[in-house]
Amino acid sequence: MKLLNKTSEKFVFELMSEEKELLSKIFGLYPMLDRDKIELSKTIKDEQICQSKKILSDAFKEFQDSNKRFISELFEKSDNFKPSEDYEYYTLELDGEQIERLLQILNDIRVGMWQKLGCPDLENRKDFIRSAEDVFAVYIMDICEYFEYYLLKALGY
Amino acid sequence: MTQAGKTGVLTEKDVSEKSKAELEPGYLVICWNDPVNLMSYVTHVFQVVFGWNKQKAEYHMLQVHNTGKSVLTRETFERAEHYVHQLQKYGLQATMEREE
């Protein structure tokens, strides 16, 4: 994945066809973040917080549903992806809002996988990888990081 | 800061709203450290959610990274709730806590 062109309104990336396929498969895992595990406060336990937590949990579900529709449209209906003549490469055109959505989706999957691993310190992988499932989770996290890196780089980070 | 009318004179409504905001208990929006979110990503999210410049966003990102947490802002209940929700939509570990 690389940035081909950037204007004040549009970002144009080039992806290998394998990268596009990988992105599509990764997005098939969305959403991964468990809404019920998200806490609004560590110390406040009153009724107001409980009510707010319920409302925010519902809002979070709507947000994730909206992102699922966005993914579906991006890959199936939109003109954002355009293949090269030999179908070896694709250009992906995104505006700023779409980049934000992709970052949120990729990070949801990345953090969700980390939660699934039991929220370990990621310094030494040997300490927490115990099964093939764990290897898969780490692999997915790395792929999400790969795409996040290029999106953030395009934004100037 | 309460905005005065064109004349620069505070109306009764302005004073009343200002007093209400001052009397309301403060809520701190806190971002907690985790080993999963990229530093550049956290900086970006702070810039988007709070409209901060890169320098301020990086300062708070480094505070989270080095000390385990950063108090990002002090707000009313509703505003703090809003910011926590925005940060959590990006996958950051954020909560609101009552100011001591």
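Me: Across the interface of chain B and chain A, how many residue pairs are in polar contact?
Reply: This is a predicted model, and side-chain atom pairs count only at pLDDT 80 or more. With both residues at that level, the rule finds this number of residue pairs in polar contact across the interface of chain B and chain A: 16.

Me: Which residues form the salt bridge across the interface, and how far apart are the closest N and O atoms?
Reply: The rule finds one salt bridge between chain B and chain A. The cut-off is 4 Å between a side-chain nitrogen of Lys or Arg and a carboxyl oxygen of Asp or Glu. R98(B) and D46(A) form the salt bridge, with the closest N and O atoms apart by 2.9 Å.

Me: What is the area buried between chain B and chain A?
Reply: The size of an interface is often given as the accessible area lost when the parts come together. Carbon and sulfur atoms give 63% of the area buried here. The total between chain B and chain A is about 2700 Å².

Me: In what order do the elements of chain B run from the N terminus?
Reply: Chain B has four helices and three strands. From the N terminus on, the elements of chain B run α-β-α-α-β-α-β.

Me: What percentage of contacts in chain B, between residues at least 6 apart in sequence, join residues at least 24 apart?
Reply: Chain B has 100 residues, and 45% of them count as buried. Among its contacts between residues at least 6 apart in sequence, the share joining residues at least 24 apart is 65%.

Me: Is P120(A) buried or exposed?
Reply: P120(A) sits in the loop between α3 (96-116) and α4 (132-154) of chain A. Beyond four places in sequence, P120(A) touches W114(A), F128(A) and P35(B). Its relative accessibility is 12%, and the cut-off is under 20%, so P120(A) counts as buried.

Me: What is the phi of C119(A)?
Reply: C119(A) is in the loop between α3 and α4 of chain A. At 39% relative accessibility, C119(A) counts as partly exposed. Most residues other than glycine have a negative phi. C119(A) is not a glycine, yet its phi is positive, about 55°.

Me: Which side chain makes a polar contact with the side chain of Q98(A)?
Reply: Q98(A) lies in helix α3 of chain A. Q98(A) is buried, with 17% relative accessible area. Beyond four places in sequence, its contacts are F70(A), N80(A) and E93(A). The polar contact, at 3.5 Å, is with the side chain of N80(A).

Me: Which residues does the cis peptide bond join?
Reply: Most peptide bonds are trans. Here omega is about 0°. P31(A) lies in the loop between α1 (17-27) and α2 (47-77) of chain A. The cis bond joins Y30(A) and P31(A).

Note on methods
Residues numbered from 1 in each chain as written. Chains lettered and ligands numbered in written order. Predicted model: local features only at pLDDT ≥ 70, side-chain atom pairs only at ≥ 80, totals over all residues. Heavy atoms only, no water. Buried area = accessible area lost by both parts, 1.4 Å probe. Polar contact = N/O pair within 3.5 Å; in protein donor to acceptor, adjacent residues only side chain to side chain. Helix = DSSP H or I, 4+ residues; strand = E, 2+ residues; numbered from the N terminus. Buried < 20%, exposed > 50% of the residue type's maximum accessible area, 1.4 Å probe, protein only. Contact = heavy atoms within 4.5 Å.
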